[in-house]
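This report walks through one chain, from overall build to single residues. Keep the structure in view while reading.

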Amino acid sequence: MKSTMFMEPGKVAIEDIEKPQVQAPDDVIIHVVRTCVCGSDLWAYRGLEDKPHHSENTGHEAIGIVEAVGSDITTVVPGDFVIAPFTHGCGHCAACRAGFDGDCQNHTDNFSNGVQAEYIRFQHGEWALVKIPGQPSDYSEDMLASLLTLADVMATGYHAARVANMKTGDTVVVVGDGAVGLCGVIAAQMRGAKRIIIMSRHEDRQKLAREFGATDVIAERGDDAIAKVKALTNGAGADAVLECVGTELSNVTAMQAGRPGAIVGRVGLPHEPKMDMTASFYNNTIIAGGPASVTTYDKQVLLKAVLDGDIHPGKVFTKQFSLDDIDAGYQAMTNREAIKSLIVVD
């Protein structure tokens, strides 16, 4: 089968590798229909983190058709159309029961990898997989794109809003205008924010953010950005802040953008070596966040919202590529020619 391999910074390539097989009783083999490139995939691609050359891709978002199941699987059967979350929760440990299946306590292999391929072996599939009614042919390309976001990016944006305890009437600042930040805007709108301020310097992303519900855009960075937040909030700061990047600057900005007692929902994969927590202590800033509870949110709210047409997160995919041309998808995101690259496999 075809699978994407990370060759070296600035290059991924398609190779033929052995098709995965059921290895454990709770395995599910999935024929991938759509996958994509995540912003987190770009860290190694840009040479910003170490990754062995000629190694498995870090792709972790997919929708597809169940091809085979292990003996313990009772919730899906071959032929089912499913969302394959990047998390593999069990559904019954303390973390999963509390709605934090991104931190499932029963699995050490809780995250997907290598899904930019024709087939994947999804471990611990009994509870984690999310069934989609019907078959891919029942849906438009736009709907398939929105369903794909439920494997990660839309659920991650929603997680930021949830852990920030964002509620009706709040003023929210979203730090980051990538796909996660834009989905954070959708989440804030879903949860009833009266004002949604996104930090963005790119016209195409600003336009989509406003379509998703953003009321204000701040193009400045650093101290100038914080001054703008204060000006928009009568000097107070936001009730909740969604940090959707993971850099040192984005985290410092997020902690400064909230009023005293605000919660920062962090979902940007951290890359800063350390954080000075002194200022947040004196401002009573609450820091929360981590891997998203993908299966929980999909089953409770997000899948229905997509199927009902209430939200359209698939619009974050602004370019589409075949699996054979996936390096161009990486390049498009690296060069900011695409917000997020969708990869067609079937």
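Ser-280 sits in helix α10, residues 278-282. Helices here are DSSP runs of H or I with at least four residues, strands are runs of E with at least two, and both are numbered from the N terminus. The relative accessibility of Ser-280 is 6%, so Ser-280 counts as buried. The classes are buried under 20% relative accessible area, exposed over 50%, and partly exposed in between, with a 1.4 Å probe and protein chains only.

Which residues does Ser-280 contact, leaving aside neighbours within four places in sequence? They are Met-255 and Thr-285. Contact means heavy atoms within 4.5 Å.

## Basis of the model

This is a predicted model: local features need pLDDT of at least 70, side-chain atom pairs count only at pLDDT 80 or more, and totals for chains, interfaces and linings use all residues. Residues are numbered from 1 along each chain as its sequence is written, and side-chain values use heavy atoms, with hydrogens and water left out.

## The chain as a whole

Twelve helices and 16 strands make up the secondary structure of the chain. The radius of gyration is 19 Å, close to the 20 Å from the globule rule for 346 residues, so the chain is as compact as a globular protein of that length. That radius is taken over C-alpha atoms, and the rule is 2.2 Å times the number of residues to the power 0.38. The C-alpha trace spans about 60 × 40 × 40 Å along its principal axes.

Of the 346 residues, 54% are buried. Among contacts with a separation of 6 or more, 68% link residues 24 or more positions apart.

## The β2-β1-β4 sheet

Three strands form an open antiparallel sheet in the order β2-β1-β4. Strands β2 (11-16) and β4 (55-56) are at the edges with a single partner strand each, so one side of each has no neighbour in the sheet. Two strands pair if DSSP finds at least two bridges between them.

β1 (residues 2-8) is joined to β4 by two bridges. Met-5 faces Glu-56 of β4 across that pairing. Six bridges join β1 to β2, with Glu-8 opposite Lys-11 in β2. The β1-β2 hairpin has two residues between its strands, and Gly-10 takes a positive phi near 90° there. Helix α12 (residues 326-334) lies across β1 and β2, at about 160° to β2. Axes are lines fitted to C-alpha atoms, for helices over the stretch in contact, and angles run from 0 to 180 degrees between N-to-C directions.

## Strands β3, β5 and β6

Strand β3 (residues 28-36) pairs antiparallel with β5 (residues 62-69) over seven bridges. Val-32 stands opposite Gly-64 in β5. On to β6 (residues 81-84): four bridges join this strand to β5, again antiparallel. Gly-64 stands opposite Val-82 in β6.

## Nonpolar cores

The largest nonpolar core holds 59 residues, and Leu-147 and Met-154 have the most contacts inside it. Helix α6 (residues 179-190) gives the largest share, eight residues. A core is a set of buried Ala, Val, Leu, Ile, Met, Phe, Trp, Tyr and Cys residues joined through side-chain atoms within 4.5 Å.

Beyond four places in sequence, Leu-147 touches residues including Ile-63, Phe-81, Ile-83 and Leu-303. A second, separate core has 29 residues, among them Ile-73, Val-76, Leu-129 and Val-345.

## Loop residues

Pro-291 is in the loop between β14 (286-289) and α11 (294-307). Pro-291 is partly exposed, at 28% relative accessibility. Its C-alpha is 11 Å from that of Gly-99, 192 residues away along the chain. Contacts of Pro-291 beyond four places in sequence are Gly-102, Asp-103, Phe-111 and His-159.

Most residues other than glycine have a negative phi. His-54 is not a glycine, yet has a positive phi of about 55°. His-54 lies in the loop between α1 (42-45) and β4 and is partly exposed at 44%. Asn-234, also not a glycine, has a positive phi of about 55°. Asn-234 is in the loop between α8 (222-232) and β12 (238-243). With a relative accessible area of 78%, Asn-234 is exposed.
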